[in-house]
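Subject: Structure for your review

Dear colleague,

Please find below the structure that I am handing over to you. I would be grateful if you kept it open while reading the notes that come after it.

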Amino acid sequence: MTTAYYSTVLNHPLETVWDLIRDFNNYPAYIDGVSESIIEDDKGGDEVGAVRRFCYLGNWIRQRLADNSDEAHTLTYAGIEALPCPAEATTDAPAPTRYEGTMHLLPIVEGNRTFIEWSGKLDTEPTDDEGWRTLFEYLIPDWTHSL
């Protein structure tokens, strides 16, 4: 198991960022490359257990909302199927991996901004730890700055 982590300050109020990410179906609104997102089984976009199916750079991915806390401003999701490494990411692609991601927001009073932490826990083959961590440490900042 390995973890990728990124944090930064967003020049938006916490409420604005939270309103955007707390709806699990809003992925196309804040992740560049996501063209479509669908919540399965008529569940709500903020309902723990909801499954979203989304298209990211032409690949369909399914994730389950594992936790959504308005009080802590934390959202956790888990991949349903093992995630294959994008072919364009590397010529030496690691084996598919299971993963869980967490976004956590904190208010920054000065300037009415938001501190965001985004981490991914990756259940990888030991020989693939470095490849997956490197890939996620490359992708998470781009996803975060899409907000």
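This is a predicted model: local features need pLDDT of at least 70, side-chain atom pairs count only at pLDDT 80 or more; totals for chains, interfaces and linings use all residues.

Seven strands form an open sheet with antiparallel pairing, in the order β1-β7-β6-β5-β4-β3-β2. The edges are taken by β1 (2–10) and β2 (34–39); each has a single partner strand, so one side of each is left without a neighbour in the sheet. On average, neighbouring strands of this sheet are turned by 20 degrees against each other, direction ignored.

Strand β5

Is β5 mostly covered or mostly open? It is mostly covered, as six of its six residues are buried. In a regular strand the side chains alternate between the two faces of the sheet. In β5, T74, T76 and A78 lie on one side and L75, Y77 and G79 on the other, and all of them are buried, so that both faces are covered.

The pairing of β5 can be followed on each side. With β4, it pairs in the antiparallel sense over six bridges, and S69 stands opposite T74. The hairpin of β4 and β5 has four residues between the strands, and there H73 takes a positive phi near 50 degrees. With β6, β5 is joined by five bridges, again antiparallel; the bridge partner of L75 is M103 in β6.

Helices across the sheet

Helix α1 (residues 14–21) lies across β1, β4 (59–69), β5 (74–79), β6 (98–108) and β7 (113–123), and runs at about 155 degrees to β6. Helix α3 (residues 129–145) lies across β1, β3 and β7, at about 20 degrees to β1.

The cavity

How many cavities of 30 Å³ or more does the structure hold? There is one, and the volume of the largest cavity is about 40 Å³. Its lining consists of Y77, Y99, E100, G101, W118, S119, G120, L122, F136, I140 and W143. Of these residues, seven are nonpolar, three polar and one charged. β6, β7 and α3 each supply at least two residues of the lining, and the largest share, four residues, comes from β7. Y77, one of the buried residues of β5, is also among the lining residues.

Yours sincerely,

A colleague

Key. Residues are numbered from 1 along each chain as its sequence is written. Side-chain values use heavy atoms; hydrogens and water are left out. Two strands pair if DSSP finds at least two bridges between them. Axes are lines fitted to C-alpha atoms, for helices over the stretch in contact, and angles run from 0 to 180 degrees between N-to-C directions. Contact means heavy atoms within 4.5 Å. On a 1 Å grid over the protein atoms alone, a cavity is a set of points where a 1.4 Å probe fits but cannot get out, and a pocket is an open set with protein on both sides within 12 Å along at least five of seven lines; lining residues have an atom within 4 Å of a point. Grid points are joined across faces, edges and corners, and a volume is the space filled by probe spheres set on the points. Ala, Val, Leu, Ile, Met, Phe, Trp, Tyr, Cys and Pro count as nonpolar, Asp, Glu, Lys and Arg as charged, and the others, Gly among them, as polar. Buried means under 20% relative accessible area, exposed over 50%, partly exposed in between (1.4 Å probe, protein chains only).
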